Amino acid sequence: MLTLSLRLFIFIIGSLFTFIIMYFLLKKRISERNSIPYVLGLSIIITLIIFPDILDFLSYKLGIDYPPALLFLFAILYLFILNIYQTIQLSIFNEQIRELSQHMVLNKNSYKQDDANE
Amino acid sequence: MKKDTLIIIPVYNEEDNIGSVIDEINEKEPTVDIIVINDGSIDNTEKIVLSKGINILSLPFNFGYGNALQLGFKYALQNNYNNVIQFDGDGQHNPADISKIKKTLDFNKYDIVIGSRFINKSDFKISLSKKMALYFLKSLIYLFSNYKINDPTSGLQGLSKKTYSYYSKPWNYPNDYPDADVLIKMLKLGFTTIEIPVNMRSRSKGQSMHSGLKPFIYMLKITLSILVVVLNCFFNRRRGC
């Protein structure tokens, strides 16, 4: 069972992070597309805190005695998935930067050779 | 006039060695074109290469040895060279070996010609840790491709157009050090490979790219890359590798 003080604490933290994400969105430090996983994750946490019966029900079904442990398990799994997604994005960007840089250098060389031939 | 073989020399801060490397190649093997790939050097490497009248492609940052080589392959493809030979800019490779590799590529029609330090007895000395790493890589190559390669980490390699065209494509060539993983993949894909004996010299000036903690990280990375190649080949065996 989630105690009222724990619910309040998680709600405040969740709301604070939502505010931070919104702040970065407004300041154009983060794109709408990239903010979706955070907004989604925070919405789930806040929903579970407002309606703790959902968490109690899921914990009971999964055989977990202490419902907050399930919340933290979900949070860890969610962060893990988010991290993998970002690592994939990073690898793609890395390959794209490689391609771009090679393309740029080859083009520069072609222009240089064209200038030399003229 | 354009020649049919291109020597690709990837360099990173090689101002102490690159001048003499170019002079030696020009003196001993004038039948090849040279391209130097400057992988974001911050010393006088570019200035020295330009003063020798050699074409240089300069990358804006230090991306890695593999990326520099891949740029060389793309340049070769753009200029339609028959073969390319990878040649290190640190003075360890002997320009006298270029003609042997070139002949093997031209007449024997191999896809990959590896200049090996360990076929014949040579003066090239390597540390015990490097010997162990080489033995480990050789064993993995033999285990997964049933092919015996004596010098899987040799940077002196000749490649046919078919091979370097394949390497030019995105995701087909690693960013850092192309080694046993790439060899296993190419052998599994059916690219014909041969090793020929060459003489290599010890690095006289500058710092090796395999120094410090890098070899340990490198061995971890290469083992993982080999695992990925083997699994990829297993799951995609109907489509090749």
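## Contacts along chain A

Take chain A's contacts with a separation of 6 or more: 54% of them link residues 24 or more positions apart. Here two residues are in contact if their C-beta atoms, placed from the backbone, lie within 7 Å. Keep in mind that this is a predicted model, where local features need pLDDT of at least 70, side-chain atom pairs count only at pLDDT 80 or more, and totals for chains, interfaces and linings use all residues. Residues are numbered from 1 along each chain as its sequence is written, with chains lettered from A and ligands numbered from 1 in the order in which they are written.

## Shape of chain A

Chain A has 4 helices and 0 strands, so running from the N terminus you get α-α-α-α (helices are DSSP runs of H or I, at least four residues; strands are runs of E, at least two; both are numbered from the N terminus). The radius of gyration is 23 Å, well over the 13 Å that the globule rule gives for 118 residues, so chain A is more spread out than a compact globule. That radius is taken over C-alpha atoms, and the rule is 2.2 Å times the number of residues to the power 0.38.

Along the principal axes, the C-alpha atoms of chain A fill a box of roughly 80 × 30 × 15 Å.

## Where chain B comes in

On the chain B side, 14 residues are in contact with 8 residues of chain A. Strand E3 (55–58) and helix H3 (65–78) of chain B each supply at least two residues of that side, and H3(B) gives the largest share, 6 residues.
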